[in-house]
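Let's take a friendly walk through this model together.

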Amino acid sequence: MGDRNFRSILTGSFSTPCADNPTVAMVEAAYRHAGLDARYINCDVKAEHLAQAVAGAVAMEWVGFNCSLPHKVAVIEYLDEVADSARIIGAVNCVSIRDGRLVGDNTDGKGFLASLKGVTDPSGRKVVVLGAGGAARAIAVELGLAGAAHLTIVNRDVARAENVAALVRDNTPCAAEAMAWTGPVAVPEGADILINATSIGLGDGNALPPVNLDTLRSGLVVADVIPNPPMTHLLRTAKARGCTVLDGLGMLVNQGVIGVELWLGKKLDAGVMQRTLQEIFEVPA
Ligand code: NDP
């Protein structure tokens, strides 16, 4: 009886609404697979309760937590330290608690980059990013830090695109320009990678971002951030045209792997996480 331990390692997520966030199922499946007595608790935390939630996590000696909407910027004021890329992006979605000190990271772009590196090294590449929201911003900064040569940020609201391009130019060696999205975008001849970082396609397998599909050439890497359904219309079309494709499910899985590595120093099984999400999203095998 003496050496039994009934105390679990505590991790989790603060967001609102939170009921549709499947990260808890993904991470806990991987905890069980690794034989870890660790929990990931999906908490609905309203904006006005963020300070109490953070203090609660510290008080209960959680080892870390994710922050999703609407807390990714607001949480920064409660942190002791913010990692470089998260500081540049201006948003934190992963907090580690070490000896009572709170350290913020951003795993959105890092999760994407880990997927991308599975098919190509972004160093020296020319990339077209569709969208200029939170996901696009995180991806653009990580690509710049990873040595991408040139980014074109395409967005309806061109001021938002310019904002992301300026962030990349000012904080990384990468060249970056903004482009207004006024009609189907032609992917330039010299581009190596096209990324849909808009919300077009979320929950709608037929939705297609306005792109000139004739410019999706064989050899181009086409990536989508949409996790569900993972095989978006854009990716299906790109694959049929001979492009290498990357889905948003892998980005989500890699975020889980990176987050737990920051909290526990252990690398969880990405395959277990991937299969768990595929079951939840009812992705055909
Ligand atoms: P934001 O709301 O911050 O940004 C949305 C972006 O999509 C903006 O650039 C917006 O353009 C653009 N957009 C939306 N609708 C249209 C449209 N009809 N035509 C053209 N552009 C459009 O969202 P996030 O950046 O936080 O998230 C974007 C997507 O990324 C979401 O679907 C989310 O699920 C996914 N995501 C996936 C992750 C993963 O791990 N797989 C992680 C994080 C996010 P405008 O500025 O002109 O309005």
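This is a predicted model: local features need pLDDT of at least 70, side-chain atom pairs count only at pLDDT 80 or more; totals for chains, interfaces and linings use all residues.

Helices and strands here are DSSP runs, numbered from the N terminus, with helices having at least four residues and strands at least two.

Leaving aside residues up to four places away in sequence, V225 touches F112, A135, N196, A197, G248 and M251.

V225 also belongs to a "binding site" annotation in an unreviewed UniProt entry, together with D84, G131, A132, G133, G134, A135 and G248. These positions spread over 165 residues of sequence, and in space they reach up to 24.0 Å between C-alpha atoms. One of them, G133, lies in the loop between strand 7 (126-130) and helix 5 (134-145). G133 is partly exposed, because 15 other C-beta atoms lie within 10 Å.

Now turn to strand 5 (residues 94-98), where four of the five residues are buried. Strand 3 (residues 64-67) runs antiparallel to strand 5 and is joined to it by three bridges, with G64 standing opposite S96. Strand 6 (residues 101-105) is also antiparallel to strand 5, through five bridges; there, C94 has D105 as its bridge partner. Two residues separate strand 5 and strand 6 in their hairpin, in which D99 adopts a positive phi near 50 degrees.

How values were computed: Residues are numbered from 1 along each chain as its sequence is written. UniProt positions are given in the numbering used here, feature names are shortened, and annotations may be inferred rather than shown by experiment. A residue is buried if 20 or more other C-beta atoms lie within 10 Å of its own, exposed if 12 or fewer, and partly exposed in between; C-beta atoms are placed from the backbone. Two residues are in contact if their C-beta atoms, placed from the backbone, lie within 7 Å. Two strands pair if DSSP finds at least two bridges between them.
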